[in-house]
Amino acid sequence: MRYGYTLRMFEDESKFFGPGAAALLELVEEHGSLRAAAGQMGMAYSKAWRILRNAESVLGFPLLESRTGGRGGGGAVVSAPAHRFLERYRTFERRLREQADALFAELFSQEERET
């Protein structure tokens, strides 16, 4: 037996950040490009922009900084505030998982299932 959950953040009733947005930012960090990150996720570039713009409107800071083309090519980098936010999100996610694992073990241990 196992459990599962997904960490999503909301402003009022609207989701603005979750595992998809986090993965998108991590892939931008890896590839230096929103287009490449979206492509790796099988997501349209326009949808990736909508997801990030929605999060930016709630958070109040830009998630990406664009680099213009030229000899080295264009692309995007994750902004410093976005990087800090992403680190806090992943820490929150990890600590929730640790607590949830302990609670699950306490409430649904093998001994309990056998009684």
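Tutor: A salt bridge is a side-chain nitrogen of Lys or Arg within 4 Å of a carboxyl oxygen of Asp or Glu. This is a predicted model, in which local features need pLDDT of at least 70, side-chain atom pairs count only at pLDDT 80 or more, and totals for chains, interfaces and linings use all residues. Residues are numbered from 1 along each chain as its sequence is written, and side-chain values use heavy atoms, with hydrogens and water left out.

Student: How many salt bridges does a search of the whole structure find?
Tutor: The search finds four salt bridges.

Student: Which side chain meets Glu-56 in a salt bridge?
Tutor: The partner of Glu-56 is Arg-53, at 2.6 Å from N to O. Both residues belong to helix α3 (residues 45-59), three residues apart, or about one turn of the helix. Helices (H or I, at least four residues) and strands (E, at least two) are DSSP runs, numbered from the N terminus.

Student: Is Glu-56 buried or exposed?
Tutor: Glu-56 is buried, its relative accessible area being 11%, whereas Arg-53 is partly exposed at 45%. Buried means under 20% relative accessible area, exposed over 50%, and partly exposed in between (1.4 Å probe, protein chains only).

Student: Which residues are linked in a network with Arg-90?
Tutor: Glu-26 and Glu-93 are linked with Arg-90 in a network of salt bridges.

Student: And where does Arg-94 find its partner?
Tutor: The side chain of Arg-94 meets that of Glu-98 in a salt bridge of 3.1 Å, N to O. These two are four residues apart in helix α4, so about one helical turn separates them. Arg-94 is partly exposed at 45% relative accessibility, as is Glu-98 at 43%.

Student: Changing topic, which residues gather in the patch of positive charge?
Tutor: Arg-8, Lys-15, Lys-47 and Arg-50 gather in that patch on the surface. Patches are made of residues with over 30% relative accessible area and no salt bridge: like charges are joined within 9 Å, and nonpolar side chains (Val, Leu, Ile, Met, Phe, Trp, Tyr) within 5 Å. Lys and Arg count as positive and Asp and Glu as negative, while His and the chain ends are not counted. The place of a charge is taken as NZ of Lys, CZ of Arg, CG of Asp or CD of Glu.

Student: Where does Lys-15 sit?
Tutor: Lys-15 lies in strand β2 (residues 14-17) and is partly exposed, with a relative accessible area of 43%. Its bridge partner is Phe-10. Strand β1 (residues 9-11) pairs with β2 in the antiparallel sense over three bridges; two strands pair if DSSP finds at least two bridges between them. Two residues stand between the strands of this hairpin, where Asp-12 takes a positive phi near 60 degrees.

Student: Which residues form the nonpolar patch?
Tutor: Met-1, Leu-103, Leu-107 and Phe-108 form it on the surface, with about 420 Å² of accessible area together. Accessible areas come from the Shrake-Rupley method with a 1.4 Å probe; for residues, only the protein chains shown count as cover. Leu-103 is placed in helix α4 (residues 80-107) and counts as partly exposed at 46% relative accessibility.
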